[in-house]
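Me: I would like to go through the terms used for this model one by one, and to hear what each of them rests on. Please set each value against its cut-off before you conclude.

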Amino acid sequence: MTIAKRKSKAMIKQSALLPPNPIPSPLIDRDEWIEKAAEGFITSSQSNRKIYRVILETLWPRGHGIPGPVIDRDTIREAVNTAKGKPYLDVFRRLRELQGEEGFLGVVKQGTQYQMINTNIYPKKTPRSHLSDESWGRVLSHYENVCAACGSPADEKGFQQDHKVPRSRGGTDELANWQPLCDSCNNIKSTACRGCKEDCSKCSWAYPEYYRPIKIQGSILRSLHQYANAHKQDANALVTEWILEKINE
C-alpha cells in the first residue's frame, strides 16, 4: 500500500489583534514596502511568490496604516482565488509559509481573522524540505506504516513528514531525523515544541520509540493509587520499582 507523504505543517502564530490604524504613516510608503518585500521572498516558486504578494496586499490595503484592518479568512481566500483565476486550495498553507519561512511575523491570527500588526521582516528560515518517494518509503517501513507517536494507520490523506528534532532546535535533514505523524499528533507536537527548552534527545515527541508515554486503563490507575495510599507509598516510585524488578529478572 502506498501511503501519501505531506510536509509537516506549522500553525500560524496566534496573537491578540490590535486596533486598526486607518491613517497611512508618512514614514513608510506602502507600495514601496510591498515591492521590496516581494523582491526578498526566498521561495523559488513563482506561483507562491505571487500568492504571498496578494496576501500582503490584502492585509495592507492602499490608503490604510499599520496595524492594518482585521481581515477574515473568506476575504483572503477570495483575493487569492481572483488572482489565480480559479479556486486555490492551499491559501492558508501559503499564509503559514509567509509567516514562517519568509519571516513576516507581523502577520498574526486570532480565530479566523488575520491582521498585519507591524512591517518588520525577520530573518528567513531555510525553506521546508521533503523526502523523495524512496526515502519516505524507508521511513514508513521503519515505523511499520503507522504514526510514530500514537500508532494509528494512515488515513486517506497519508501522514505528515515530520522532523523528530525540529530544525529550529538543530535538527537535520538526515533520514534518521524523520518520522511519520498523523495530523492530530503533528499539531500537538507543534504546540508542545513551541518555546520548549528541554533536551530533545529525551523527548517523547522527538523519540516516541524510546519515550512514548504508556497508556494505562483508568481502573488500573485507580487500583494503583488505592494500593499506594493504603501502604503510604508514592505511586510513581512503586511503578518504577515494579518495572525494574520485572526488567531485571
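Me: What makes Ile220 buried, partly exposed or exposed?

Reply: This is a predicted model, and in it Ile220 has a relative accessible area of 48%. Buried means under 20% and exposed means over 50%, with partly exposed in between, so at 48% Ile220 counts as partly exposed. The residue sits in helix H8, which covers residues 218-230.

Me: Why is the protein chain called more spread out than a compact globule?

Reply: The protein chain contains nine helices and six strands. Its radius of gyration is 23 Å, whereas the globule rule gives 18 Å for 249 residues, and because 23 Å is well over that value, the chain is described as more spread out than a compact globule. The C-alpha trace spans about 75 × 45 × 30 Å along its principal axes, and 35% of the 249 residues count as buried. Among contacts between residues at least 6 apart in sequence, 65% join residues at least 24 apart.

Me: How do you know that S2 and S4 pair, and in which sense do they run?

Reply: Two strands pair if at least two bridges are found between them, and S2 and S4 (residues 113-116) have two bridges, so they count as paired, in the antiparallel sense. In these bridges the partner of Asp72 is Gln113, while the partner of Ile71 is Tyr114.

Me: What joins S3 to S4, and how many residues lie between them in the hairpin?

Reply: Four bridges join S3 to S4, which run antiparallel, and Val108 stands opposite Gln115 in S4. The two strands form a hairpin with two residues between them, and Gly111 in the turn has a positive phi of about 65°.

Me: What makes Glu144 exposed or buried, and what is its phi?

Reply: Glu144 has a relative accessible area of 65%, and since exposed means over 50%, Glu144 is therefore exposed. Its phi is positive, about 55°, although Glu144 is not a glycine. The residue lies in the loop between helix H5 (133-142) and strand S5 (159-163).

Me: How do you know whether Lys232 is exposed or buried, and where is Lys232 found?

Reply: The relative accessibility of Lys232 is 78%, which is over the 50% required, so Lys232 counts as exposed. Lys232 is found in the loop between H8 and helix H9 (235-247), and its phi, near 50°, is a positive value in a residue other than glycine.

Me: Which peptide bond is cis, and what is its omega?

Reply: The bond from Ile66 to Pro67 is cis, with omega near 5°. Pro67 has its place in the loop between helix H2 (46-59) and S2.

Definitions and conventions: Residues are numbered from 1 along each chain as its sequence is written. This is a predicted model: local features need pLDDT of at least 70, side-chain atom pairs count only at pLDDT 80 or more; totals for chains, interfaces and linings use all residues. Side-chain values use heavy atoms; hydrogens and water are left out. Buried means under 20% relative accessible area, exposed over 50%, partly exposed in between (1.4 Å probe, protein chains only). The radius of gyration is taken over C-alpha atoms; the globule rule is 2.2 Å times the number of residues to the power 0.38. Contact means heavy atoms within 4.5 Å.
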